[in-house]
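Here's a quick briefing on how a few side chains sit together. Have a look at the model first, then we'll go through it by topic.

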Amino acid sequence: MRGKKRIGLLFLLIAVVVGGGGGGGVGEMGKTGQQSGRGNGGGGGGGGEVIVAHFLDTDKIKNKSIIIGAGGNGGMAVSPNGGNEIVSGNKGLNGGSTTAFGLVALGGEGASNEQPGRPGGNLDSNRTDTPGRGGVSTQRGNDGILVDIIGIHMAGGGGGGADGNATPNKERGASGGATGGGDGGDGASQSANGTDGGNGSKGGGGGGAGGGCNYTSNQKRSGTGGQGGNGYVAIYARGIS
(Lines give C-alpha, C1' and ligand atoms only; values in the text may rest on other atoms or scores of the structure.)
Protein backbone atom coordinates (compact mmCIF):
# COMPACT_ATOMS: atom_id res chain seq x y z
CA MET A 1 0.00 0.00 0.00
CA ARG A 2 1.27 3.43 -0.96
CA GLY A 3 2.53 5.61 1.84
CA LYS A 4 3.01 2.71 4.29
CA LYS A 5 6.33 1.15 5.23
CA ARG A 6 6.55 -2.56 5.97
CA ILE A 7 8.26 -3.31 9.26
CA GLY A 8 10.20 -6.58 9.42
CA LEU A 9 9.82 -9.05 12.24
CA LEU A 10 12.28 -8.56 15.10
CA PHE A 11 13.85 -11.44 16.96
CA LEU A 12 14.63 -11.59 20.63
CA LEU A 13 17.66 -13.78 21.29
CA ILE A 14 17.66 -15.68 24.55
CA ALA A 15 20.89 -17.17 25.87
CA VAL A 16 20.99 -19.89 28.52
CA VAL A 17 24.39 -20.28 30.19
CA VAL A 18 24.99 -23.05 32.74
CA GLY A 19 28.08 -23.72 34.87
CA GLY A 20 29.58 -27.16 35.37
CA GLY A 21 28.03 -29.42 37.99
CA GLY A 22 29.78 -30.39 41.21
CA GLY A 23 31.06 -33.92 41.77
CA GLY A 24 29.36 -36.43 44.05
CA GLY A 25 30.86 -37.23 47.43
CA VAL A 26 31.90 -40.45 49.18
CA GLY A 27 30.78 -40.97 52.77
CA GLU A 28 32.87 -42.23 55.67
CA MET A 29 32.69 -45.68 57.30
CA GLY A 30 32.34 -46.32 61.00
CA LYS A 31 34.71 -48.30 63.22
CA THR A 32 35.02 -52.05 62.72
CA GLY A 33 34.61 -52.99 66.37
CA GLN A 34 31.32 -51.15 66.79
CA GLN A 35 27.85 -51.49 65.37
CA SER A 36 28.56 -48.24 63.60
CA GLY A 37 30.59 -49.99 60.88
CA ARG A 38 28.01 -48.81 58.37
CA GLY A 39 29.30 -46.73 55.46
CA ASN A 40 27.44 -43.51 54.80
CA GLY A 41 26.14 -42.83 51.32
CA GLY A 42 27.79 -39.87 49.61
CA GLY A 43 26.02 -36.58 49.05
CA GLY A 44 25.02 -35.47 45.57
CA GLY A 45 26.88 -32.63 43.87
CA GLY A 46 25.25 -29.26 43.32
CA GLY A 47 24.08 -28.17 39.87
CA GLY A 48 25.79 -25.33 38.03
CA GLU A 49 24.46 -21.80 38.10
CA VAL A 50 21.85 -21.04 35.42
CA ILE A 51 21.79 -17.59 33.79
CA VAL A 52 19.14 -16.57 31.26
CA ALA A 53 19.79 -13.36 29.30
CA HIS A 54 17.86 -11.56 26.54
CA PHE A 55 19.45 -9.73 23.60
CA LEU A 56 17.96 -7.59 20.83
CA ASP A 57 21.38 -6.68 19.44
CA THR A 58 22.88 -9.69 17.64
CA ASP A 59 26.32 -8.05 17.74
CA LYS A 60 26.45 -8.92 21.42
CA ILE A 61 26.67 -12.63 20.63
CA LYS A 62 28.81 -12.44 17.49
CA ASN A 63 32.45 -13.51 17.59
CA LYS A 64 32.35 -14.06 21.31
CA SER A 65 34.51 -16.75 22.83
CA ILE A 66 32.70 -19.41 24.82
CA ILE A 67 34.37 -21.32 27.65
CA ILE A 68 32.47 -24.35 28.92
CA GLY A 69 32.97 -25.15 32.58
CA ALA A 70 34.02 -28.74 33.22
CA GLY A 71 32.04 -30.87 35.63
CA GLY A 72 33.81 -31.56 38.92
CA ASN A 73 35.25 -35.02 39.51
CA GLY A 74 33.54 -37.23 42.04
CA GLY A 75 35.24 -38.34 45.24
CA MET A 76 37.43 -41.44 45.09
CA ALA A 77 36.15 -44.71 46.54
CA VAL A 78 37.25 -45.76 50.03
CA SER A 79 37.95 -49.25 51.34
CA PRO A 80 37.51 -50.70 54.84
CA ASN A 81 40.66 -50.69 56.93
CA GLY A 82 40.09 -53.84 58.98
CA GLY A 83 40.82 -51.94 62.16
CA ASN A 84 38.87 -50.14 64.83
CA GLU A 85 39.19 -46.77 63.14
CA ILE A 86 36.86 -44.55 61.18
CA VAL A 87 37.51 -44.53 57.43
CA SER A 88 37.27 -40.96 56.16
CA GLY A 89 35.21 -40.15 53.08
CA ASN A 90 36.21 -38.11 50.06
CA LYS A 91 34.88 -34.84 48.72
CA GLY A 92 33.69 -34.19 45.18
CA LEU A 93 35.29 -31.30 43.33
CA ASN A 94 33.56 -28.08 42.35
CA GLY A 95 32.40 -27.55 38.79
CA GLY A 96 34.04 -24.95 36.56
CA SER A 97 32.53 -21.67 35.44
CA THR A 98 31.01 -21.25 31.98
CA THR A 99 31.70 -17.93 30.20
CA ALA A 100 29.68 -16.74 27.21
CA PHE A 101 28.48 -13.36 25.83
CA GLY A 102 29.89 -11.48 28.81
CA LEU A 103 28.05 -13.75 31.24
CA VAL A 104 29.70 -16.00 33.84
CA ALA A 105 27.75 -18.93 35.28
CA LEU A 106 29.49 -20.39 38.32
CA GLY A 107 30.05 -24.09 38.81
CA GLY A 108 28.17 -26.16 41.38
CA GLU A 109 29.72 -27.19 44.67
CA GLY A 110 31.16 -30.66 45.05
CA ALA A 111 29.57 -32.72 47.81
CA SER A 112 31.57 -32.85 51.03
CA ASN A 113 31.63 -36.56 51.88
CA GLU A 114 28.02 -37.37 52.84
CA GLN A 115 26.91 -33.74 52.82
CA PRO A 116 25.19 -32.42 49.67
CA GLY A 117 26.70 -29.84 47.33
CA ARG A 118 25.04 -26.48 46.85
CA PRO A 119 24.20 -25.00 43.44
CA GLY A 120 26.54 -22.57 41.73
CA GLY A 121 25.80 -18.92 42.40
CA ASN A 122 23.83 -19.77 45.54
CA LEU A 123 26.47 -21.01 47.95
CA ASP A 124 25.13 -18.82 50.75
CA SER A 125 21.95 -20.85 50.92
CA ASN A 126 21.67 -23.98 53.08
CA ARG A 127 17.96 -24.35 52.48
CA THR A 128 16.98 -27.89 51.60
CA ASP A 129 14.55 -26.68 48.91
CA THR A 130 17.12 -24.66 46.94
CA PRO A 131 16.89 -25.54 43.22
CA GLY A 132 19.88 -27.61 42.08
CA ARG A 133 20.93 -28.70 45.56
CA GLY A 134 22.29 -32.23 45.87
CA GLY A 135 20.57 -34.96 47.85
CA VAL A 136 21.84 -36.55 51.05
CA SER A 137 21.67 -40.26 51.93
CA THR A 138 18.76 -41.65 49.88
CA GLN A 139 17.31 -38.19 49.27
CA ARG A 140 16.58 -37.20 45.68
CA GLY A 141 18.54 -34.31 44.23
CA ASN A 142 16.55 -31.11 43.81
CA ASP A 143 15.32 -30.10 40.39
CA GLY A 144 17.16 -27.20 38.81
CA ILE A 145 15.69 -23.79 38.05
CA LEU A 146 12.80 -23.78 35.58
CA VAL A 147 13.81 -22.04 32.35
CA ASP A 148 10.52 -20.76 30.93
CA ILE A 149 11.72 -20.31 27.35
CA ILE A 150 12.29 -24.05 26.92
CA GLY A 151 9.89 -25.23 29.60
CA ILE A 152 12.34 -27.49 31.43
CA HIS A 153 14.39 -27.42 34.60
CA MET A 154 18.14 -26.99 34.18
CA ALA A 155 21.08 -28.26 36.26
CA GLY A 156 19.49 -30.56 38.81
CA GLY A 157 21.37 -31.72 41.88
CA GLY A 158 22.88 -35.18 42.14
CA GLY A 159 20.98 -37.85 44.06
CA GLY A 160 22.23 -39.05 47.43
CA GLY A 161 24.00 -42.41 47.65
CA ALA A 162 22.62 -45.15 49.87
CA ASP A 163 24.25 -46.39 53.07
CA GLY A 164 26.21 -49.63 53.06
CA ASN A 165 25.26 -52.30 55.61
CA ALA A 166 25.82 -55.97 56.39
CA THR A 167 22.38 -56.91 55.06
CA PRO A 168 21.29 -59.41 52.38
CA ASN A 169 19.75 -56.74 50.17
CA LYS A 170 21.43 -53.52 49.17
CA GLU A 171 19.80 -50.15 49.69
CA ARG A 172 19.11 -48.19 46.53
CA GLY A 173 20.48 -44.73 45.84
CA ALA A 174 18.23 -41.78 45.07
CA SER A 175 17.56 -40.32 41.65
CA GLY A 176 19.11 -37.07 40.47
CA GLY A 177 17.10 -33.90 40.06
CA ALA A 178 15.76 -32.71 36.72
CA THR A 179 17.44 -31.97 34.48
CA GLY A 180 20.87 -33.60 34.39
CA GLY A 181 21.44 -34.66 38.00
CA GLY A 182 23.22 -38.03 38.30
CA ASP A 183 21.65 -40.84 40.32
CA GLY A 184 23.08 -41.86 43.66
CA GLY A 185 24.87 -45.19 43.97
CA ASP A 186 23.56 -48.26 45.79
CA GLY A 187 24.96 -49.15 49.19
CA ALA A 188 27.06 -52.22 49.92
CA SER A 189 25.47 -55.44 51.15
CA GLN A 190 26.69 -58.83 52.39
CA SER A 191 27.59 -59.85 48.85
CA ALA A 192 28.38 -56.64 46.95
CA ASN A 193 30.41 -53.45 47.16
CA GLY A 194 28.81 -50.04 47.00
CA THR A 195 28.20 -48.81 43.45
CA ASP A 196 29.32 -45.60 41.76
CA GLY A 197 27.21 -42.49 41.61
CA GLY A 198 25.91 -41.59 38.16
CA ASN A 199 27.49 -38.78 36.15
CA GLY A 200 25.56 -35.57 35.66
CA SER A 201 24.83 -33.91 32.30
CA LYS A 202 24.27 -30.33 31.09
CA GLY A 203 25.51 -28.82 34.32
CA GLY A 204 23.78 -31.29 36.65
CA GLY A 205 25.52 -32.50 39.80
CA GLY A 206 27.11 -35.94 40.05
CA GLY A 207 25.39 -38.59 42.14
CA GLY A 208 26.73 -39.54 45.55
CA ALA A 209 28.57 -42.83 45.92
CA GLY A 210 26.98 -45.86 47.50
CA GLY A 211 28.53 -46.44 50.92
CA GLY A 212 30.74 -49.38 51.80
CA CYS A 213 30.84 -51.10 55.21
CA ASN A 214 33.51 -51.80 57.80
CA TYR A 215 32.05 -54.53 59.99
CA THR A 216 34.29 -57.30 61.32
CA SER A 217 32.31 -59.97 59.45
CA ASN A 218 31.56 -57.92 56.34
CA GLN A 219 33.94 -55.48 54.73
CA LYS A 220 33.08 -53.89 51.41
CA ARG A 221 34.39 -50.83 49.61
CA SER A 222 32.30 -47.85 48.63
CA GLY A 223 31.53 -46.65 45.14
CA THR A 224 33.04 -43.59 43.47
CA GLY A 225 31.21 -40.27 43.37
CA GLY A 226 29.68 -39.33 40.01
CA GLN A 227 31.25 -36.61 37.90
CA GLY A 228 29.31 -33.40 37.49
CA GLY A 229 27.96 -32.59 34.05
CA ASN A 230 29.91 -30.18 31.87
CA GLY A 231 28.44 -26.71 31.48
CA TYR A 232 25.98 -25.82 28.76
CA VAL A 233 25.25 -22.90 26.44
CA ALA A 234 22.21 -22.57 24.19
CA ILE A 235 20.69 -19.73 22.14
CA TYR A 236 17.00 -19.47 21.30
CA ALA A 237 15.22 -16.97 19.03
CA ARG A 238 11.70 -15.67 19.54
CA GLY A 239 9.91 -13.43 17.07
CA ILE A 240 8.46 -10.21 18.44
CA SER A 241 6.32 -7.61 16.71
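Which residues does Ile61 touch, not counting residues up to four places away in sequence? They are Leu13, Phe55, Phe101 and Ile235, where contact means heavy atoms within 4.5 Å. This is a predicted model, so local features need pLDDT of at least 70 and side-chain atom pairs 80 or more, while totals for chains, interfaces and linings use all residues. Numbering runs from 1 along each chain as its sequence is written, and side-chain values use heavy atoms, with hydrogens and water left out.

**Nonpolar cores**
- The largest nonpolar core has eleven residues, including Ile61, Leu13, Phe55 and Phe101.
- Strands E1 (10–18), E2 and E4 each give two or more residues to this core.
- Another core, of eight residues, lies apart from it, with Val16, Val50, Val147 and Ala155 among them.
- A core here is a set of buried Ala, Val, Leu, Ile, Met, Phe, Trp, Tyr and Cys residues joined through side-chain atoms within 4.5 Å.

**The aromatic pair**
- Phe55 and Phe101 pair edge-to-face, at 6.4 Å centre to centre and 75° between the planes.
- The rule asks for ring centres within 6.5 Å; planes under 30 degrees apart are stacked, over 60 edge-to-face, and the rest tilted.
- Phe55 and Phe101 are both buried (under 20% relative accessible area; exposed is over 50%, partly exposed in between, with a 1.4 Å probe and protein chains only).

**Around Ser175**
- Ser175 is partly exposed, at 34% relative accessible area.
- Leaving aside neighbours within four places in sequence, Ser175 is in contact with Arg140, Gly141, Gly159 and Asp183.

Technical notes: Phe/Tyr/Trp six-rings, centres within 6.5 Å; stacked < 30°, edge-to-face > 60°. Helix = DSSP H or I, 4+ residues; strand = E, 2+ residues; numbered from the N terminus.
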